[in-house]
Amino acid sequence: MVTGGSRGIGAATARLAAQRGYAVCINYRAQRAAADAVVQRIEEGGGTAIAVAADVASEADVARLFAVVDRELGPLTALVNNAGILEAQMRVDEMDAGRLARIFTTNIGGYFLCAREAVRRMSTQHGGVGGAIVNVSSGASRLGSPGEYVDYAASKGAVDTLTIGLAREVATEGIRVNAVRPGFIYTDIHASGGEPERVERVKHTAPMQRGGYADEVAYAILWLLSDEAAYSTGTFIDVTGGK
Ligand code: NAP
């Protein structure tokens, strides 16, 4: 299951997962055509994928999303918590409660709800056979995103804490929980902040002095999901060009 798997980092992850032999559920919120295009590309490559619309901020939607996977793809083995949002760049002293609720409900609540559904299916304590969760956090959790979106950065701080806490909670139940923290990646998300070309402006602040590509994040995610990472849990891979 890749939440927000229709565009950007999620789409790259879904495609790579399919290449590695996973049957993939591509979750999205609204843009069906983008999700269908990822499914089509996976199927053309001989893989298996389905697209399911669901808002991860909605408990009812999340329950339905995982029920569809149970029915159509079989037992869940891996969750990539990736669906995340940000809003227009502004200072904290300009933010209203509605915006904070949207950011926190999607970026934190959505990850918790999807993790809950995954643990209920994968934990040996619930009769499952184990599995892996990768949370897509952000370098922003360490840097704070001043003047742009401290609310978003704080939501990623919560994702880091979820990663540590849940990893320890289910460590003896066959489930590993890790996170990647991408830096400046070329995707559509920057348009939501009002600056589609943001990566070009900020890339020189990274030691590598370039933006990153969604595929470069996907490789780290797929490694953390794989048995090659069997003794790693509650840990992080920064995919930030050294920042
Ligand atoms: P993106 O290109 O904007 O794609 C967002 C994806 O999430 C789309 O598939 C979108 O579906 C889906 N989505 C949004 N809200 C959703 C919701 N409530 N329920 C279900 N799906 C939802 O984003 P991205 O840049 O790839 O970011 C993916 C993750 O990486 C996010 O968690 C983001 O915070 C993190 N990240 C990104 C960067 C970066 O520089 N790009 C850096 C650090 C961390 P629709 O198309 O249907 O809306």
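Predicted model: local features only at pLDDT ≥ 70, side-chain atom pairs only at ≥ 80, totals over all residues.
**Entry 1: the ligand site**

Residues are numbered from 1 along each chain as its sequence is written, and side-chain values use heavy atoms, without hydrogens and water.

Helices here are DSSP runs of H or I with at least four residues, strands are runs of E with at least two, and both are numbered from the N terminus.

I counted 32 residues around the ligand, each with a heavy atom within 4 Å of it. S6, R7, A30, Y152 and T187 come nearest. By class, the shell holds 14 nonpolar, 13 polar and five charged residues. Gly goes with the polar ones, and Asp, Glu, Lys and Arg are the charged ones.

**Entry 2: polar atoms at the ligand**

I looked up N and O distances next. An N or O atom in the R7 side chain is 2.7 Å from an oxygen atom of the ligand. R29 comes in through its backbone: a polar atom there is 3.1 Å from a ligand oxygen. V56 also uses a backbone N or O atom, 3.0 Å from a nitrogen atom of the ligand. How much of the ligand's own accessible area does the protein cover? It covers 97% of 910 Å², by the Shrake-Rupley method with a 1.4 Å probe.

**Entry 3: positive phi**

Most residues other than glycine have a negative phi. I noted two residues here with a positive value. S145 has a phi near 50 degrees and is not a glycine. I placed S145 in the loop between helix 5 (140-143) and helix 6. Q209 has a positive phi of about 60 degrees, again without being a glycine. Its loop runs between helix 8 (198-202) and helix 9 (214-225).

Are these residues buried or exposed? S145 is buried because its relative accessible area is 9%, and buried means under 20%, exposed over 50%, partly exposed in between. Q209 is partly exposed, because its value is 47%.

**Entry 4: helix 4**

I checked R116, E117 and A118, which are found in helix 4. R116 is partly exposed, because its relative accessible area is 26%. E117 counts as buried because it has 6%. A118 has 0%, so I logged it as buried.

What does the side chain of E117 contact? It makes a polar contact of 2.9 Å with the side chain of R116. A polar contact is a pair of N or O atoms within 3.5 Å, one able to donate a hydrogen and the other to accept it when both are in protein.

I also took C-alpha separations. A118 and R176 are 58 residues apart along the chain, with 11 Å between their C-alpha atoms.

Q125 sits in the loop between helix 4 and strand 4 (131-136). I logged Q125 as exposed because its relative accessible area is 62%. Which side chain does Q125 join? Its partner is the side chain of E173, in a polar contact of 3.4 Å. From Q125 to L79 I read 18 Å, C-alpha to C-alpha, for 46 residues in sequence.

R41 belongs to helix 2 (residues 32-44). R41 is exposed, because its relative accessible area is 53%. From R41 to A18 the C-alpha distance is 10.0 Å, and the two are 23 residues apart in sequence.

Definitions and conventions:
Buried < 20%, exposed > 50% of the residue type's maximum accessible area, 1.4 Å probe, protein only.
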